[in-house]
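Trainee: I would like to work through this two-chain structure with you, question by question. May we begin once it is displayed?

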Amino acid sequence: MTRFLRSSVLLLGLAMLTAAGACGGTMNWTESTVAIQAEGIGMQGDKVGRTTWVATGFWIDNYLLATNAHVATRALSLVGVDDDGNKYHFDKILALDREGDIAILHADRAGDKPGVEFLERPARPKDLRGHRVMLVGNSGGLGLGFFNGEITNILGEDGAEQILHNSSVVGGSSGSALYDKDAQKVVGIHHSGADQFKTRIATAGWHLQSVVAEARKREGVELKQLFTLENIGRFANIWGQRQFCLAPGESFKISFNVPRATDILGFIKPANPDTVLATGLVRGGSEILWKSAFKGTVYLPFSLSGSGPHNLIVAAPADAPPKTCGVIGAGEIAWEKGIK
Amino acid sequence: MKHVIATIVTLGLALGTGTSALAAEPTDAELLEAKTVGVLPVLATGLSRQDTYRNVAAMGLRGVEAKPKGHGAGLIDLGAGEGGMAFAGSSSTADIRILQYAFIAGGLASNADNPAMYKDAVAYLEGQREALASLSPKLVAACDAYVAAAKAGRIDVESLVNALAAAEEGISAGPERPHGYFAVGAWLGISFIALAAGEPDPDFYGMAVPLATYLEEDAIFGGSDRALAKEVRAIGKLLAQKNPDLEALKKHLGAALDIEADEPTPPTGG
């Protein structure tokens, strides 16, 4: 009798465990996520060449994948691998939202994993402060990992909120889904950190959904047709340009601040094409990111990896003619203009 | 024009950037220690620069909404009472008058809940319209529309957006100095309500460094402009913090508005 009771209790326990699993206790946190390997263009003034990077993306549905705009920008090849080793190519881009740092990609074949579920926008988004979150992201190119934290604040308004969180992340996590752990739904897409606030930042999932809705109306464009050298000029939004006249030892600069990773285009057109001048891109007043001597008209595209104040400088060296004039200008490359 | 730029860039990338750069790299000192004689400040970046200006201009309204939560003092107190900033509202030089006008316009929303102060501020803007004589027609038109709406009791964000954009265009197209002063004044005015909005906004505080660099290094500016630049830089740094201090901001704003131009400014041709 006692043995019978023990067996019954054990069986009941097993049955309850099985039932609990079937009711949502077995959330597969990684199934909608892929680790991304990208190959594309890197631009640093006169040095424009191939480069690679790693990142993360997550399925919206069987064909659409969300990642960051700064992940997709300048990519000529994006390959995603899920936890089961399935490989997908994302050769078409449907949307590029630089404000929210969101890109929507189209896969070359249907995925067999479900798209994520999104948390709806609360009436008071700041009520999400304190919610436990988990970011599922590429661990520096080594595959998917879990990064836990909590929401510390919500900034912005009008549906385009930015979610501050304190998950500890590593390189490659750009484009990760940020899950509300208790709701088991995506609350945002992680994109960056802000050192001055010691925080990580994600764009709200409800904003991402609005970008997806727009993306569904588009036919999109092949990566290789969008990120071309010809399109740098075609899609450049020129901020402004000014004439300069420099004596030896003098300089002129364009001072600008970028709030996020941005592709820019500078240009310098000296009146005398034979005069040798110096130019450079400087971050934060003293960190020279790139420099070169040049003569004649130059167009200088840069992929800026970080935010903050920058200066594009043209300087007349000590042995320059007594007066050198020309025009200097700059702008940013709005790649999204090329998405149909 | 865009087609021309595209063609030139293609040509430049194919033939220019790779071959025009010479072997001898400049030294760091040749770039960093060269005497800067001109600066083009870029105040708004982003996909839509208009959107960036709109975000900055709209901070005024957000600030007003946030006032009950704190930082509720009115900014523009032409009578120097009720805890607002005392503001003389007059200057001997055209550029400083532009700075003051733009400051009042940029910060107008902070007085929206005080009818008497608001009315004084709007009357000031109406009375000082001739101070805008050296500004571009586009900027003047934006100011006129802004003041007309203000008289009707409305903060017209779109007109403020247009004014900010026109001020930046004017720095490029000239005369650059008065347009530069307008941009600085409007930015200072908005800073007060930006703080009240309670959230650091990179679109807003990101404008501080280009503006300060412009005032510090462009040859058309002098010693007092350097002092103004110092305050702009300090305010930008302050507003990039999590919980900026209102009294510190007031101190910097007071110092910024205390400056006098070095000498009456002759018109420039840009």
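Trainee: How many residues of chain A are in contact with chain B?

Mentor: The model is predicted, with local features requiring pLDDT of at least 70, side-chain atom pairs counting only at pLDDT 80 or more, and totals for chains, interfaces and linings using all residues. Residues are numbered from 1 along each chain as its sequence is written, while chains are lettered from A and ligands numbered from 1 in the order in which they are written. Two residues are in contact if their C-beta atoms, placed from the backbone, lie within 7 Å. On that criterion, 45 residues of chain B touch chain A, and the residues of chain A in contact with them number 55.

Trainee: Which element supplies the largest share of the side of chain B that touches chain A?

Mentor: Helices (DSSP H or I, at least four residues) and strands (DSSP E, at least two) are numbered from the N terminus. Helix 1 (2–20), helix 2 (28–32), strand 1 (35–42), helix 9 (202–205) and helix 10 (208–217) of chain B each supply at least two residues of that side. The largest share, 12 residues, comes from helix 1 of chain B.

Trainee: Which strand of chain B pairs with strand 16 of chain A?

Mentor: Two strands pair if DSSP finds at least two bridges between them. Strand 16 (residues 250–258) of chain A has 7 bridges to its partner in chain B, and the two run parallel. A:Glu250 stands opposite B:Lys35 there. The partner is strand 1 of chain B.

Trainee: In the open sheet that contains this pair, which are the edge strands?

Mentor: The open sheet has 5 strands in the order 19(A)-18(A)-21(A)-16(A)-1(B), with mixed pairing. Strand 16 of chain A also pairs with strand 21 (residues 308–315) of chain A, in the antiparallel sense over 8 bridges. The edge strands pair on one side only: they are strand 19 (287–294) of chain A and strand 1 of chain B.

Trainee: Which helix of chain B packs on the sheet, and what angle does its direction make with that of strand 1 of chain B?

Mentor: Axes are lines fitted to C-alpha atoms, for helices over the stretch in contact, and angles run from 0 to 180 degrees between N-to-C directions. The helix touches strand 16 and strand 21 of chain A together with strand 1 of chain B. It is helix 10 of chain B, and the angle is about 150°.

Trainee: In what order do the strands of the barrel in chain A close?

Mentor: Strand 8 (residues 132–138) and strand 9 (residues 144–155) of chain A pair in the antiparallel sense over 7 bridges, and A:Glu150 in strand 9 is the bridge partner of A:Arg132. The barrel has 6 strands with antiparallel pairing, and its order is 8-9-10-13-12-11.

Trainee: Is A:Asp182 buried or exposed?

Mentor: A:Asp182 lies in the loop between strand 11 (177–180) and strand 12 (185–194) of chain A. A residue is buried if 20 or more other C-beta atoms, placed from the backbone, lie within 10 Å of its own, exposed if 12 or fewer, and partly exposed in between. Because A:Asp182 has 9 other C-beta atoms within 10 Å, it is exposed.

Trainee: How far apart are the axes of helix 4 and helix 5 of chain B?

Mentor: B:Tyr101, B:Ile104 and B:Ala105 of helix 4 (residues 94–107) meet B:Ala121, B:Tyr124 and B:Leu125 of helix 5 (residues 115–127). These helices of chain B pack at an angle of about 140°, and their axes are separated by 10 Å.
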